[in-house]
Amino acid sequence: MEEERRRWFALQVERLTDRLYGTALRLTRNAEDAEDLVAETVAKAWAKLAELRDPQAFEAWIRRVLNNTFVSEWRHRRAGPELAEPLPCEDGAEEAFSLFEKLHQPFLLWWGNPEESAITNFLREDIDRALDALPDAYRVVVVLVDVEGYSYPEAAETLGVPVGTVRSRLSRARDQLQRSLWRHARDAGLTIGGSNEM
Amino acid sequence: MKCEDVLRQLVAYLDRDVDAHTATEIDRHLEACRGCFSRADFERKLKAQLRAAGEKRAPARLRARIKGIVDKF
């Protein structure tokens, strides 16, 4: 019985290793730390397996174990009240940045559908680089909501912050992400004759 | 619902952070408004790109390490 349980667990973990590693890499930004996080997650998940009521929910459950493990260690490392460092303000601009609006310029529309073209031309590395450039407090929220698909209340509970904090960090983080991607699209020539203004 | 109301709530809508009534109103607007639909479509695709950032091939070293851990259980 125990051997059957162990085999089932090994099979599930094997199936999900890529996904767990991918999320761990985005959270830690470092391959070695990501591997340690996945290994720790697997050990914890086995120790807590009796808590899993529905075997069909294993994937969501083990991903939660991974996210909780990361957040708990991250908060412990900081050993202080949760403070999100302010994001650097681009050129003193305060208003919200919209990549869509930047790409969707009338003069660019002569060449077809610039926003569609840019988004299909972003490479995985562009997205990874933009995400990795965010300060921890912002990156973790984006990973939980956009990568892991958490709702705002779920992300708030995981991070131990109010839902309003999740909303505001997410909004600022996405603003920053879109600025990074715009810079990349412009530098890589993914926009045609795009404005140099941020 | 007007375009500015939809755009103001678009991110919350895509994140499923609006109530059912608002979601229905936005759905209806997006069916009829090409401009807002394009914007919503763009933001959806960007979200999909971010979600894909969590998909990476794990190194063989990690797979071997996990096998070693599970074998000891």
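## Overall make-up

Chain A has nine helices and zero strands. From the N terminus on, its elements read α-α-α-α-α-α-α-α-α. This is a predicted model. The predictor gives the complex an ipTM of 0.86 and a pTM of 0.81.

Chain A has 198 residues, and 35% of them are buried. Now take its contacts with a separation of 6 or more. Of these, 67% join residues 24 or more positions apart.

## Two domains in chain A

Chain A is divided into domain 1, residues 2-78, and domain 2, residues 90-187. The two domains touch. Domain 1 of chain A puts nine residues into this contact, and domain 2 of chain A puts in ten.

Which elements give two or more residues to the domain 1 side? They are H1 and H3 of chain A. H3(A) gives the most, with five residues. By class, the domain 1 side holds three nonpolar, three polar and three charged residues.

## Where chain A meets chain B

The contact between the chains takes 33 residues from chain A and 25 residues from chain B. On the chain A side, five elements are listed as giving two or more residues: helix H1 (2-28), helix H2 (31-47), helix H5 (114-121), helix H6 (124-132) and helix H7 (136-147). Which of them supplies the largest share? It is H1(A), with twelve residues.

What kinds of residue make up this side of chain A? There are 19 nonpolar, four polar and ten charged residues.

## A covered helix: H7 of chain A

H7(A) is mostly covered. Eleven of its twelve residues are buried. Ala137(A), Tyr138(A) and Arg139(A) are among them. Next come Val140(A), Val141(A), Val142(A) and Val143(A), also buried. Leu144(A), Val145(A), Asp146(A) and Val147(A) are buried too. The list thus includes the charged residues Arg139(A) and Asp146(A).

What covers these buried residues? From chain A, the cover includes H1, helix H3 (58-78), H6, helix H8 (152-159) and helix H9 (163-187). Chain B takes part as well, through its helix H3 (34-52). H7(A) is also one of the elements on the chain A side that touches chain B. Just after H7(A), Gly149(A) takes a positive phi of about 75°.

## Two crossing helices in chain B

Now look at chain B. Helix H1 (residues 3-14) and helix H2 (residues 20-32) of chain B have axes that come within 11 Å. The axes cross at roughly 115°. The crossing of H1(B) and H2(B) is left-handed.

Which residues meet here? H1(B) brings Val6(B), Gln9(B) and Tyr13(B). H2(B) brings Thr22(B), Ala23(B), Ile26(B) and His29(B). By class, this contact has four nonpolar, three polar and no charged residues. An α-helix has 3.6 residues a turn, so residues three or four places apart point the same way.

## Confidence in chain B

Chain B averages a pLDDT of 92. In this chain, 100% of the residues score at least 70. Where is confidence lowest, and where is it highest? The lowest is in H3(B), at a mean of 90. The highest is in H2(B), at 95.

Technical notes. Residues are numbered from 1 along each chain as its sequence is written. Chains are lettered from A and ligands numbered from 1 in the order in which they are written. This is a predicted model: local features need pLDDT of at least 70, side-chain atom pairs count only at pLDDT 80 or more; totals for chains, interfaces and linings use all residues. Helices (H or I, at least four residues) and strands (E, at least two) are DSSP runs, numbered from the N terminus. A residue is buried if 20 or more other C-beta atoms lie within 10 Å of its own, exposed if 12 or fewer, and partly exposed in between; C-beta atoms are placed from the backbone. Two residues are in contact if their C-beta atoms, placed from the backbone, lie within 7 Å. Axes are lines fitted to C-alpha atoms, for helices over the stretch in contact, and angles run from 0 to 180 degrees between N-to-C directions. A crossing is left-handed if the near helix is turned anticlockwise from the far one by less than a right angle, and right-handed if clockwise. Domain bounds come from an automatic or database domain assignment. pLDDT is the predictor's confidence in each residue, from 0 to 100.
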